[in-house]
Amino acid sequence: MNPKLMISSAEKIGNNQDLLAQILLRLPAKSLIKFKCVSKQWLSLISNPQFCLSHTRHQGDEGFLHPTALLLKVQYIVSPEFDVVPLKHFSQVPFFDYISTSGLNILQSCNGLFVCEALDDDLNVSGYFICNPTTKQFKKLSFLQNPIKDCEFYVSLAFDPLQSPHYKIIVVREVLENSFIFELDIYASESDSWKIATTIFETKEEACMAFEDAVFCNGKLHWNSYGNQSLYLDVEKECLQMMPMPTKLRGNHRLEIYRYFGESGGRLHLAVTYHAFIDLDLYVHQMASDYSHWFLKHRLNVGDAMKVFPELNLGCHPFKSGFSGVSFVGSERKEEAKVVIWTDGKIICYDFNDGAWKMMHDPGPGLKIGTPFEDFNHLHEQRFIPYKYFESVYVF
């Protein structure tokens, strides 16, 4: 092609703001950040909050955003580092070292934004942040009602850029120590204001609420529970509602040891493992669309994956099966989800669309995801907490 013609075409695009915006909307978020250096014009366009929102919404598919990667943190280990499992393309995810704090713990990921708690040298909570790891933008949260010492205090995020450019911070505060009486505080970014004690409610000790395990889905913030009932918040209406939790199958008297609460494609999922000498079963439940009940979607035997991937070594240590449920993500076909599982240092998945085990991420010959720590005698003892990472140039 004639070089002069190429230069002329580039100049025409550069001078046509609308055409340039349409081209940039189709580029990955990481590329946009690099292209800010091209010119002041590009910097101004890419930094414009309305363009950033449009770019985020352009990534949506049938009403949902799809994560770029999973960030895996070893449970009970405080570290700024994590393993990255690519879901679309390889993405270099920066650690959270751009937030100046002695330690940092991720609380929740929600459609591109993260909620984190800062820790001091003694691992006490010293503050809370929201941040966008792609742009490294972060903001410290200020509370009108500060945490009460020795009382429970939980911070969650509700954010769906496909529906609104604004987010809400939901705080569950215990009124008195061991009272099981809680208040809800809600911060709205749209008005930059707090509503204090919008709801006061009481839970029973046997309800075993896990307010630290929150999932935002379909405009509702859901909390995990180890009892028969749980709660969810309709974020727009600011209304608290009850929802059932799965019950054990008849004849199953084993002790539950791990559960994995998540969502994919607007559906809530819960996967459970039970205590056994050698147990490779994972019970996957899905919430009915009307929230009336959970149904058992599948009883997976992860040992079946060894027939497909013989290099996996599972069930070789008593009571340490060597797998950890990780996450639920969308599949290529929209009807069903994939269950993503860490197995013996590799990431595999079970695709409900075709009922097959697939390798999702193999770090390479001789390499395994997961690092032996002095707290663990064997890699198979590790459990992982997943956080969905969405590349996004969204600004708040």
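Is tyrosine 128 buried or exposed, and what is its relative accessible area? Tyrosine 128 is buried, at 8%; buried means under 20% relative accessible area, exposed over 50%, and partly exposed in between, using a 1.4 Å probe and protein chains only.

A quick word before we go on. This is a predicted model, where local features need pLDDT of at least 70, side-chain atom pairs count only at pLDDT 80 or more, and totals for chains, interfaces and linings use all residues. Residues are numbered from 1 along each chain as its sequence is written, and side-chain values use heavy atoms, with hydrogens and water left out.

Now for the rings. Searching the whole structure turns up 24 aromatic pairs. Rings of Phe, Tyr and Trp (its six-membered ring) pair if their centres lie within 6.5 Å, and planes under 30 degrees apart count as stacked, over 60 as edge-to-face and the rest as tilted. One of the pairs joins tyrosine 128 to phenylalanine 153: it is tilted, with 5.8 Å centre to centre and 45 degrees between the planes. Tyrosine 128 belongs to strand β5 (residues 125-132) and phenylalanine 153 to strand β7 (residues 153-159), so this pair ties together parts 25 residues apart in sequence. Strands here are DSSP runs (E, at least two residues), numbered from the N terminus. Phenylalanine 153 is buried too, with a relative accessible area of 13%.

Next, look at phenylalanine 159 and tyrosine 394. Their ring centres are 4.7 Å apart and their planes sit at 45 degrees, so this pair is tilted. Phenylalanine 159 lies in strand β7 and tyrosine 394 in the segment after β23 (384-389), so parts 235 residues apart in sequence get tied together.

Key. Helix = DSSP H or I, 4+ residues; strand = E, 2+ residues; numbered from the N terminus.
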